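Dear colleague,

Please find below the structure that I am handing over to you. My findings follow directly after it.

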Amino acid sequence: MNKSDLVQSVADNAGISKADSAKAVDAVFDCITASLKSGDDVRVVGFGTFSVSHRAASTGRNPRTGETIQIAASMQPKFKAGKALKDALN
């Protein structure tokens, strides 16, 4: 399922127009992104938790040349599925 499929599914399930559904889906993604940027976790009970993991700087190696390179520190998004979501899949 891609974003357009998600928008269509939300529109069908909620009985709203596709345009309103697209606005709602975009708003949810924007809110999650903004919360993660500010360092907060997003917990959706029964679904899961979105969080940010800090990855430290490290030294890597270019596989083509064998040259040593520095990999910068970065922040990575993480998702941990909740119990209800796991139970729904099994």
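Predicted model: local features only at pLDDT ≥ 70, side-chain atom pairs only at ≥ 80, totals over all residues.

The secondary structure of the chain consists of three helices and five strands. In sequence order, these elements follow the pattern α-α-β-β-β-β-β-α. With a radius of gyration of 19 Å, well over the 12 Å that the globule rule gives for 90 residues, the chain is more spread out than a compact globule. The C-alpha trace spans about 55 × 30 × 30 Å along its principal axes.

As to burial, 13% of the 90 residues count as buried, that is, they have under 20% relative accessible area. The accessible surface of the chain amounts to about 7,000 Å², and carbon and sulfur atoms account for 56% of it. Where contacts link residues at least 6 apart in sequence, 27% of them join residues at least 24 apart.

I also examined how helix 1 and helix 2 are arranged. Two packed helices are described by the angle between their axes and by the distance between those axes. Helix 1 covers residues 3–14 and helix 2 covers residues 18–37; the two pack at an angle of about 115°, and their axes are 8 Å apart. Their crossing is right-handed. On the side of helix 1, the contact involves K3, L6, V7, Q8, V10 and A11, which meet K18, S21, A22, V25, D26 and F29 of helix 2.

With kind regards

Conventions. Residues numbered from 1 in each chain as written. Heavy atoms only, no water. Axes fitted to C-alpha atoms, helices over the stretch in contact; angles between N-to-C directions. Helix = DSSP H or I, 4+ residues; strand = E, 2+ residues; numbered from the N terminus. Left-handed = near helix turned anticlockwise from the far one by under 90°. Contact = heavy atoms within 4.5 Å. Rg over C-alpha atoms; globule rule 2.2 N^0.38 Å. Buried < 20%, exposed > 50% of the residue type's maximum accessible area, 1.4 Å probe, protein only. Areas by Shrake-Rupley, 256 points an atom, 1.4 Å probe, with all protein chains shown as cover.
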